[in-house]
Amino acid sequence: MKTSELNQVSEPVTTNPVTATAKPMPLNARTIGRLLVVLLLLLILLGTLPGATLDFLGERFQIFVTIFLGIFIEAVPFLLAGSIVSGTLEVFVDRESLTRFIPRRPVPAAFVGSMLGFAFPVCECGVVPVTRRLYQKGLPASVGIAFLLSAPVINPVVLASTYVAFGWGPVLIGRFAFTILIAFAAGLLFHFAPKEEIVLPSVDLAHGDDHVLPAGAAAGRQRLWQSLVVAGDDFMDMVRYLIIGSMLAAAMQTFVPQQTLLAFGSGPVTSVVAMMALGFVLSICSTVDAFLALSFVNTFTTGSILSFLVFGPMVDIKSALMFLGVFRRRVVVYLILLPLAMTFLITVFINLNLGW
Amino acid sequence: MSKKVIIQVGLLAGLGLFLFSRYANGSLSYYIHPRFNVLTLLTAAGLVVVAIAYGREYLLKGESHHEHQRDDYHDHDAHHHGHHHTHDHSHDLSWLGLALLAIPSILGFFVQPRPLGASALSNREVSVGTLSSVRAPEGSYFTTIATSGERNIMDWLYAFQNARDPGAFDGEEAHVIGFVYRDDRFDADTFMVSRFTVSCCVADAAPVGLIVRWPKTPELADDEWVEVTGPFEVGRFGDTTVPILVADSVVKTDPPAQPYLYQ
């Protein structure tokens, strides 16, 4: 891993600045090759199993396919929408006009980042290509991270759906307050690292140039087509992570019984652990997760419901995989662990001390 | 190398067509809540448009691959509207990356679409009669479905929950459709007529069901769709007291076009 990262950094130096942004994502042929080998071994294993087990696995496979396609079909419109926003940003917005609005000092910058979702209302699938494009347009790393973590919740659509599900109360207020708090804190922490250590070389603007076309009469239609091509690039890049993530989530749902998680319902700590695990595994869209959380209200503690609604949209299987298309692997680990730790502490504190 | 672009165009358009085919053959409701259908259709159209933009950019203009552009970059820059270097060439995917892109379409086309059924239920928390996995909406939602014969399984469960007294429904006639589910907890003459409720996509599917008593239960096959008619009678299931549907008739039926109940 070390060497491949080094290669990605050193190679662009020898080529021209434009191709420097052309490095493939870390999901390279070798990774996929390994996956295929594992798949092949599984298939061979299947061949040696007795008939009854095969029937069972056949049924499980059907369920797996249905759930996988369910997650994928549900998520893919939002990814395409995010890609089109990204393509539009790429072609129509230049670097100067974007960075002009972002404060330079760390605290206001991270705060603006955690509120940026109101400007770009996207859920956790759409937010990744948009964040990547904003990075290429020169957005500071800390602002992007705050945006990435908060935008799936801090936007009008999710505000509305959470209100419909829970009404005005601790869950609604807590969800929004804690999401902003955690995204802000994570963004602030990353303010102190240089951007090239956070994002992949292909995403770092330092090597790229600004791609906005010159304004002009004939350029209008050309720009529109161009934005669609960029959207297509982004879409094909990110959809691979979405596909792998959806398959993992579907596999977890197919083979891990939910009872094992739900048995922990009422403990102040165990319920939080269970609901955070559930949020991570289920990978459902942030625009509707409030309705699902509603069904756990009777059996689970309020803190754990909050942990599901705060942590799930920030990090789940499919979004964590999509992060790999933007950030260095080490940073992806932090992007999972920081929200995890903060959500856990806050919601366990609520359960133990506030009794909501 | 233009082969790769052709494949990319094909994959984008193919994914769009795949999404459209799910809508056209009605199996889209096996996967997502119908209120998202319009999003799926828009996405299908959007993917086809993006595929056209791709084809227009890389095939019609005679520029087959950016590798080519990369070499000629400086020569052509002046008279090519500058569009070759207007994006980051991140579409430079490996062949295996492309194969990954085809997975949803391949699985979709070659695996017979089937909604979740009894076999998926064994892996989930089952709410029987008392209903822990569905919470009734606030207010008097229930009054909109006043006629007992029109209530579906979820409506009944809401009613049970609102009433609190399991005996309150004795003698009321029910007429519901669902699939047959049984496990160790069921006596020989009882089964659960079940449905999945979906609020977004099948990832959040939660099973609900009514306990049915029917002497010929052993003749029913698991996962079979049935129409159950009969009155409720309060009874015991495991440790709980629940309304039990004492069936007058259990008739085999075709699965409904929309297999789930949507919240």
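Is B:Leu47 buried or exposed? Hi everyone, let's start there. B:Leu47 is buried, because 25 other C-beta atoms lie within 10 Å. Buried means 20 or more such atoms within 10 Å of a residue's own, exposed means 12 or fewer, and partly exposed is in between, with C-beta atoms placed from the backbone.

A word on the source: this is a predicted model, where local features need pLDDT of at least 70 and side-chain atom pairs count only at pLDDT 80 or more, while totals for chains, interfaces and linings use all residues. Residues are numbered from 1 along each chain as its sequence is written, and chains are lettered from A, with ligands numbered from 1, in the order written.

B:Leu47 sits in helix H2 (residues 37–60) of chain B; helices are DSSP runs of H or I, at least four residues, numbered from the N terminus. Leaving out residues up to four places away in sequence, B:Leu47 touches A:Leu80, B:Leu12, B:Ala13, B:Leu15 and B:Gly16. Contact here means C-beta atoms, placed from the backbone, within 7 Å. B:Leu15 is 32 residues away along the chain, yet the two C-alpha atoms are 7.3 Å apart.

B:Leu15 brings us to helix H1 of chain B, where the buried residues include B:Leu12, B:Leu15 and B:Gly16. After H1(B) comes B:Gly26, with a positive phi near 80°.

Finally, the largest nonpolar core has 171 residues, and A:Leu79 is among those with the most contacts inside it. Such a core joins buried Ala, Val, Leu, Ile, Met, Phe, Trp, Tyr and Cys residues through C-beta atoms within 7 Å. Helix H4 (residues 51–92) of chain A gives the most to this core, 19 residues.

Technical notes: Helix = DSSP H or I, 4+ residues; strand = E, 2+ residues; numbered from the N terminus. Contact = placed C-beta atoms within 7 Å.
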